[in-house]
Amino acid sequence: MQSNCRFVLFVLFCGVSSAAEIHVSPIGSDDRVGTPDAPVQTLEKARVLARSLRKTHPAEAINILLHPGTHTIRKTVAFQPEDSGSAEASLNILAWHDPANPDARPLLVGGAVVTGWKRSTFNGRADVWEADLKPLALAAPFRQVYLNGKRLTWARYPNEDPSRPYSGGWAYVDGIRPPMYQDIEGERTDTVVLRAQDARSWSRPQDGEVCIFPRYNWWNRIEKIAAYDPPTRTITLAAKMQYAARPEDRYCIMGMREELDAPGEWFQDVEDGKLYLIPPAGADLAKDVVTVPTVDYLVTFAKTHHVRVQGLELSCAEQGALRFTDCDHAVVETCSIHDLGYFHGSAVSLERGTRGTIRGCDIWNIGGHGVSVSGGNQVKLQRCEHLVDNCYIHHVGQFNRHGIGVMLSGVGARVSHNLIHDMPRCGIFHGGALNTLEYNRIRHCNLEMEDTGCTYTGGWTGGWHTIRYNHCSDSIGFDNHGRFFVFAWGIYLDESGCGNDVYGNIVERCQVGAMHLHNARENHIYNNIFANNAGPEGKAHQLSLQTWNDSPSGVFLRDRQPKMLKQYEQLMANPAWAAMRGMHVSPADPFLPDGTIMRGNVITRNIFYYPDQPDSHYVRENGVNLQHNTIDFNVVWNGGTKPVKTGKQAFRKTLADLTERIHNADFAQRLAPEEIVQSSDRTVAAGWRWYHKTFPDLQAEIVTRKKGDKSHFPERPEGCFAQMGRIPFFPGGKHALRLPGAFNKEKPYIKNTCIRSTPFGLESGKHYLLSFQLRHQDATGELVARFVGENQGLWKAFGSQGFLKRSDMADVTTATEGLLCQTAFYLPQPGDADYDARVTELTLQFQFNSSQGWAEISDLRLEEVEPATEWEAWQKAGADTHSVVADPLLVDAERGDFTLRPDSPALKLGFEPIPFREIGPYQHDARASWPIREAAGVRENPQWLQSVPIDKP
């Protein structure tokens, strides 16, 4: 009888419409047939009816219409290939609008309502309520509880700090932090050691989970606890992490019975089948609705083609709301998805498939990603053609702090016209190739991470993206030391990312630069406006360029090359890849003559506008070969009150050779052993002494090269500082002072090898240049050269410069080659702001911050020079030779109007107007809400960005 009714219903609707309708109402019954007057109750039943209709009438569209009200989903509704529609007859899951209540909409809740609350005494507290979960058959552990749709806090230590939601409420791993990039042999990745003040007593530690930001602070992990040893305060995790939990990494413990101690927290006793809750202020459990998730995803689709989900509200699930796997032509639009998800999953995910669309949705309060998209075939250069358009995404990544607004991989997807803000990390994280990011408004990102951007991409075989007409701002950055405003950019091209076109973007108020190119290759960056991107103190830089090199100990040869080569060879199996920009260079041999890798980048016709940050650097350039990367035809404006800083040094001419002021500058005078022992601070070189000698038996050596060992030290071009790189090392017969690497953690001040010359005098008010040659073997840290004035309690350094920096930078070398190193400084005179009369003499110091190996110094030369400006030095190095330092004449940049006036110098250099008004969401019938009312976040609560320095043990 029911089957006949359904068929009559179908025929009836086909007579007046091109689509069959199946109505679903929370007050319906699954014994009914799905008419407006006799709706079914569950989406699962509607799926069964729709599948039956699809079999008998494959050419007809099917509309599943959900009536307003709360639709409880206790088990994921899974659509399969047989539920697929077609281009002419799609499967549609739609909100049905009640004419009597047009603003009401259906809400899908993937959980169960917990009732029967009663007061309980728990942990000695009388404000705890408990409920029995056994009537709901909820025996499995869950990690989320919602009160009236708002997520509550899983009992945790330390408690959350509402006044500082990002920087507060953390404990820190015991010990003193080692250098982030220092590998430690035998380091365990499955333990967390608590500080003494955080020692806890837990009856069932295996109930808990640890949320921690290990080592690099690039992302967090949440891992179950396998065991806890109170005497050593050591937690052993149930699984190994990718990185170790190092001293001072921040963490919290969740899910312990003993930690239920604050309003808004809850605890599930799995063994007894009870839920305990301390209601937040104002809650009334007699009236309020408490829900716990019972599904990972509310609705899933597997190889279900031509399906549309429209106008729904979805909430409460362990992972996400909608998941599409291998689906073609799937559409999600005008949906509101919020308050769901733990560590894994996304609010909406398009996994593989083709031509999927997520349009006009509002997505917020998500545990993982807002939207994740993948698809296409990178080897075959086949595009998935997925689209994420006109969405409003905010406050995602609430458990997975690597949760992204749009997590994009694959080939040929487009992300456009979205508004994304208040992210723990990036607004858009995009891998793969040939993806387009355009017209997006992305702001207030990286609230819990560092080394990141508003957008991020990279990889030797990742790139060829188009990044255009986006407005990125307020990339904040938060480090594992409890500090905000660090190490975050607007647009980040990382890990050798190649072939990207970046144009027409506005990037403003990012903390250490508008863009960071980390060994990036063959990228074209043009026609962008970069404004005030040097942090709140205005002392960072506007643009960052950093290369890898061929150092055996460097990150490329040591770690990246094998993986990148494998990926490269896979792509090059397709001849079409040979025509892609930059693919003519293989990671098997990517090196320029100077040993660097970064090449082919073209940065032209951009506006760098930072009059409010005149003390910042225009550029931070680390070892990049400027002859193989083009930077030109830009407009640079720092307000005109101070010289433009580039970090480059040059001089117009040498005024005097003052090398003789440095006693034994050629290291030719060697002390005999009996002379050395007369004083504990004497080195083997006369006139050079140990500065806070690291170990009593520490020894230096004087090394002499015979004539003919290496060719002569090259002549320096007149007026230029040499770009540090490889040079033939010793002229014949020259001496070098070899310093051993050493580290003594017990020393209160200088912990590494450090020597200083005999004091000498220099005239104030003049500029000086120090040159020397440097060679090393097995160095793990930099060598710092500096001039120091010490007198009457003063310690003041001049010209301090580090060489042999971190191993993935450009200024490292092998034992058989040398570096030409130079540093310059100005010695203040009376009347200068930083003049100090106590500076009467200087010593030249070399500090070797390595625990092993050695460094050799030779060919010291000290000169008085007439300096060039840093901008002149930058141009002498080959950059910005046609660029201008001038006001670009923006209409009202301070109020966000970046339109150029007709007489702007940028227009004369070829700058083209940016379509500002098209950036961001737009009004459309396929928008979940309009106008968009932006949710409050750190923009409205700047006090949340208060740094909380780590309390040292």
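In the predicted model, Leu 147 lies opposite Lys 150 of strand β11. Leu 147 falls within strand β10 (residues 146-147), which is joined to β11 by two bridges in an antiparallel arrangement. Strands (E, at least two residues) and helices (H or I, at least four) are DSSP runs numbered from the N terminus, and two strands pair if DSSP finds at least two bridges between them. An open sheet of four antiparallel strands is ordered β7-β22-β10-β11. Because β7 (111-114) and β11 (150-151) are edge strands with a single partner each, one side of each has no neighbour in the sheet.

The largest nonpolar core contains 95 residues. Such a core is a set of buried Ala, Val, Leu, Ile, Met, Phe, Trp, Tyr and Cys residues joined through side-chain atoms within 4.5 Å; buried means under 20% relative accessible area (1.4 Å probe, protein chains only). Helix α2 (residues 43-56) supplies the largest share of this core, five residues. Ile 337 is one of the residues with the most contacts inside the core. Residues up to four places away in sequence aside, Ile 337 touches Ala 321, Leu 322 and Trp 364, among others (contact: heavy atoms within 4.5 Å). Another core, of 45 residues, lies apart from the largest one and includes Leu 770 and Phe 798.

The mean pLDDT (the predictor's confidence in each residue, from 0 to 100) of the protein chain is 92, with 94% of residues at 70 or more. Residues 710-715 have pLDDT below 50, and this stretch has 13 contacts in the model beyond near neighbours in sequence. Where pLDDT is low, the predicted coordinates should not be read in detail.

Residues are numbered from 1 along each chain as its sequence is written, and side-chain values use heavy atoms, with hydrogens and water left out. Local features need pLDDT of at least 70 and side-chain atom pairs count only at pLDDT 80 or more, whereas totals for chains, interfaces and linings use all residues.

How values were computed. Buried means under 20% relative accessible area, exposed over 50%, partly exposed in between (1.4 Å probe, protein chains only).
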